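Subject: Structure for your review

Dear colleague,

Please find below the sequence and structure that I am handing over to you. My notes on the findings follow.

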Amino acid sequence: YSQFDVSALAGNFPLREGDLSTSLRQLLRTVPLFSPAPLVWVWWRNVSVLLLGMLLGTLSMGVLGTLPIFSTSAIMGALMVFINDLGLPAGTVFIGLIAPHGLIELFAAAVASAAVLRVGAILAAPTPGRTIGEAFITSVAEWCQLMLGFVMPVLLIAAAIEVWVTPGFAALLLNGL
């Protein structure tokens, strides 16, 4: 996906007071509608963060597996403070730029994080009659089933909304900001 350079794209659309709607319209003209590259990029970034959460959770009896959900919440809070400090209506910006896809992503991340916590709980107190290795392999297999059967498809839907719906919705909602 070398044609889709996110850092170069982000540099072309700085967030400044008074031109948010203009920047969103310019983004809509730059990124072709229904282009698969940004969809795959957003989806893979979300999935890779949850995979990292699983790795960290495995190493910490599930505790660090909640890091993706907590760090996302902290980043969103900091972004809303930054937007508010710019003098923009943070609630409107949240509804326009984040809520359409973010609530779906947050739900999927919460489900994945809960599954990682379950893996950690099984490691801490394995099922009677099973070795810790058997319990671990079974719990990781269940996590994989949940990721493949639920979380990854939900994240794909959220990525499609983020790439194809949110910019247009935000441009309409934030018109004049």
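Which helix gives the most to the nonpolar patch? Helix H6 does, with 3 residues. The model is predicted, so to speak of local features a pLDDT of at least 70 is needed, side-chain atom pairs count only at pLDDT 80 or more, and totals for chains, interfaces and linings use all residues. Residues are numbered from 1 along each chain as its sequence is written, and side-chain values use heavy atoms, without hydrogens and water.

**The surface patch**

Ile-95, Val-165, Phe-169 and Leu-173 make a nonpolar surface patch of about 330 Å². Patch residues have over 30% relative accessible area (Shrake-Rupley method, 1.4 Å probe, with only the protein chains shown as cover) and no salt bridge, and nonpolar side chains (Val, Leu, Ile, Met, Phe, Trp, Tyr) are joined within 5 Å. Leu-173 is found in helix H6; helices are DSSP runs (H or I) of at least four residues, numbered from the N terminus.

**The helix pair**

Helix H3 (residues 36–59) packs against helix H6 (residues 132–173) at about 150 degrees, with the axes 9 Å apart. Axes are lines fitted to C-alpha atoms over the stretch in contact, and angles run from 0 to 180 degrees between N-to-C directions. H3 and H6 are therefore roughly antiparallel, the term for angles over 145 degrees.

**The salt bridge**

Glu-142 forms a salt bridge with Arg-118 (a Lys or Arg side-chain nitrogen within 4 Å of an Asp or Glu carboxyl oxygen); their closest N and O atoms are 2.5 Å apart. Glu-142 lies in H6 and Arg-118 in helix H5 (residues 90–124), 24 residues apart.

Yours sincerely

Conventions:
Helix = DSSP H or I, 4+ residues; strand = E, 2+ residues; numbered from the N terminus. Parallel < 35°, antiparallel > 145°, perpendicular 65-115°, else oblique. Patch = residues over 30% accessible without salt bridge, like charges linked within 9 Å, V, L, I, M, F, W, Y side chains within 5 Å.
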